[in-house]
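Have the viewer open while you read.

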Amino acid sequence: MGWTSLFLNMDKKKVFIIGTGEVASRRANRFLEKGAEVILAGNSIPRGLEEKGAILKSTKSHKNLKKWVQWADIVVIASGNEELNNYISSICDGKLLNRADYPENGNLIVPTSFSIEDVEISIFTNGKSPLMAREIRKKIQNIITSEDLLQIELQDYARNILKAKIKDQKERKKYLYAILEDTKINDLLKEKKIEEAKVYAEDLIKNEEAKVYAEDLIKNEEAKVYAEDLIKNEEAKVYAEDLIKNEEAKVYAEDLIKNEEAKVYAEDLIKNEENNVHDGELLKKEKREE
Ligand SMILES: C[C@@]1(CC(=O)O)c2cc3[nH]c(cc4nc(cc5[nH]c(cc(n2)[C@H]1CCC(=O)O)[C@@](C)(CC(=O)O)[C@@H]5CCC(=O)O)C(CC(=O)O)=C4CCC(=O)O)c(CCC(=O)O)c3CC(=O)O
Ligand SMILES: NC(=O)C1=CN([C@@H]2O[C@H](COP(=O)(O)OP(=O)(O)OC[C@H]3O[C@@H](n4cnc5c(N)ncnc54)[C@H](O)[C@@H]3O)[C@@H](O)[C@H]2O)C=CC1
C-alpha cells in the first residue's frame, strides 16, 4: 500500500537493467559503486561503465532476456520501449523491480541520495516530483557538505599546531581564517585530499611566520636607521649650539676688547686732560713769574 525507505546492501547483488540510456546508466553507476554485478541490455554503454565492470547484452533474444532476469536479484526497467518494458515486467515475478517508466508497477524506488561521512540522506517525493527531490537534495547539500567535515578536521589539525607555536589567540585566529578562506585548500577539500590540505595549511603557517619575521627584521632595520638619524640630528644640534655659543663668546670677547680699548682710550683722554690742565697751570705760573 505504501513506500518505506530501507537500505539494501548492494555488495555482490546481481542487477539486470533493460535500457542503456540516461536512467539506465545512472542506476548502473550507483549500483556498481556499491559492489553490485551489473548487466545492461541495449545498444551500447558508455566506456566509463564498462571500466567499472558493467556488461552489455543485446535485447534481440527474448530467451536471453529471460535468462538474465532469472539471474538477477534486482531488475531495473529503463528503456524507452514500452512494449519491451512491459514484457520484462511480466517475467519479473517475485523479483525486486525498479520501473523508471511506471514506478507504481514496480516495488523498488531509487531515491536521490547523498552522504556526509557515514550519514546517508535520501529524498523521495512519493513519485510526485523527482525534479523537486533533486532540488531539495541540492539545498540540503549546500548547507552541509563533506568539505565542511574535512574543514573541521583540518581546522583541528591547524589549531593544534598554532597553539604550540603562537601564544596570542587573536593572532592564531588570523591563521585559521586564512586557512578557511584559502582557495587552494578549498579545492583540495573538494577533492577530498585532506592530507595534502594539511601539508598546504602547515606551509601556509610557516610562510606567514617567515613573512612576519622578515617584516620584523625590516622594521628593526628601519628603527635602527631612525635611531641613527635621531643621534645624528642631536649631534648636529649640539654642534650648532656650540657654533652659536662660540659666536656669542667671540662677540662677547670682542666687546670685552672694545670696552677695554674704550677704557684705555678714556683713560688716555683723562690723562691728556690732566696734562692739559697741568700744562695750563704751568703756563699760568710762568706768566705770573714773568
Ligand atoms: C519514481 C522514480 C523512479 C524510481 O523509482 O527510481 C522516478 C520516476 C520518474 N522520473 C521522471 C522524470 C524525471 N526524473 C528526474 C530525475 C530523477 N528522478 C529520480 C527518481 C525518481 N524518478 C523516482 C521517484 C523520486 C521521487 O519521487 O522523489 C531521481 C530523484 C533519482 C534517480 O533517478 O537517480 C533523479 C534526480 C537525481 C538527482 O539529481 O538528485 C528528472 C529530472 C531531470 O531529468 O533533470 C525528471 C524530469 C522532470 C520531472 O518529471 O520531474 C519520470 C518521467 C515523467 C514523465 O514521463 O513526464 C518518471 C516516471 C513517472 O513519474 O511516471
Ligand atoms: N526515473 C527517472 O528518473 C526517469 C524516468 N524516465 C522514464 O524512463 C525511460 C528512460 O528514460 P531515459 O533513460 O531518460 O531515456 P533515454 O532516451 O536516455 O534512454 C532510453 C533507452 O531505451 C532504449 N530503447 C529505446 N527504444 C528501444 C527499443 N525499441 N528497443 C530497445 N531499446 C530501446 C534506448 O536505446 C536507450 O538505451 C523514459 O522512457 C521515461 O519513461 C525518464 C526520465 C527520468
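By class, the shell around ligand 1 has nine nonpolar, six polar and five charged residues, where Ala, Val, Leu, Ile, Met, Phe, Trp, Tyr, Cys and Pro count as nonpolar, Asp, Glu, Lys and Arg as charged, and the others, Gly among them, as polar. Before going on, note that this is a predicted model: local features need pLDDT of at least 70 and side-chain atom pairs count only at pLDDT 80 or more, while totals for chains, interfaces and linings use all residues. Residues are numbered from 1 along each chain as its sequence is written, and chains are lettered from A and ligands numbered from 1 in the order in which they are written.

**The ligand shells**

In total, 20 residues surround ligand 1, a residue being near if its C-beta atom, placed from the backbone, lies within 6 Å of the molecule. Pro103, Thr112, Pro130, Leu131 and Ala133 are the closest. Helix H5 (residues 130-143) supplies the largest share of that shell, five residues; helices here are DSSP runs (H or I, at least four residues), numbered from the N terminus. Domain 1 (14-110) and domain 2 (114-144) each give at least three residues to the shell around ligand 1, with bounds from an automatic or database domain assignment.

Over at ligand 2, there are 17 residues around it, and Gly21, Val23, Gly80, Asn81 and Ala100 come nearest. Helix H1 (residues 22-33) gives the most to this shell, with three residues.

**Packing against H9**

Two packed helices are described by the angle between their axes and the distance between the axes. The axes are lines fitted to C-alpha atoms, for helices over the stretch in contact, and angles run from 0 to 180 degrees between N-to-C directions. Helix H9 covers residues 194-289, and here's how its partners sit:

| Helix pair | Angle | Axes |
|---|---|---|
| H7 (residues 169-181) and H9 | about 135° | 10 Å apart |
| H6 (residues 146-165) and H9 | about 35° | 10 Å apart |
| H8 (residues 183-190) and H9 | roughly 165° | within 8 Å |

H8 passes H9 in a left-handed crossing, meaning the near helix is turned anticlockwise from the far one by less than a right angle, with clockwise being right-handed. Lys184, Ile185, Leu188 and Leu189 in H8 meet Ile194, Glu196, Ala197, Tyr200 and Ala201 in H9, contact being C-beta atoms, placed from the backbone, within 7 Å. That contact has seven nonpolar, no polar and two charged residues.

The crossing of H7 and H9 is right-handed. Tyr175, Ala178 and Ile179 of H7 touch Ala201, Leu204, Ile205 and Glu208 of H9, and the classes are six nonpolar, no polar and one charged.

H6 also crosses H9 in a right-handed way.

Notes:
Helix = DSSP H or I, 4+ residues; strand = E, 2+ residues; numbered from the N terminus. Contact = placed C-beta atoms within 7 Å.
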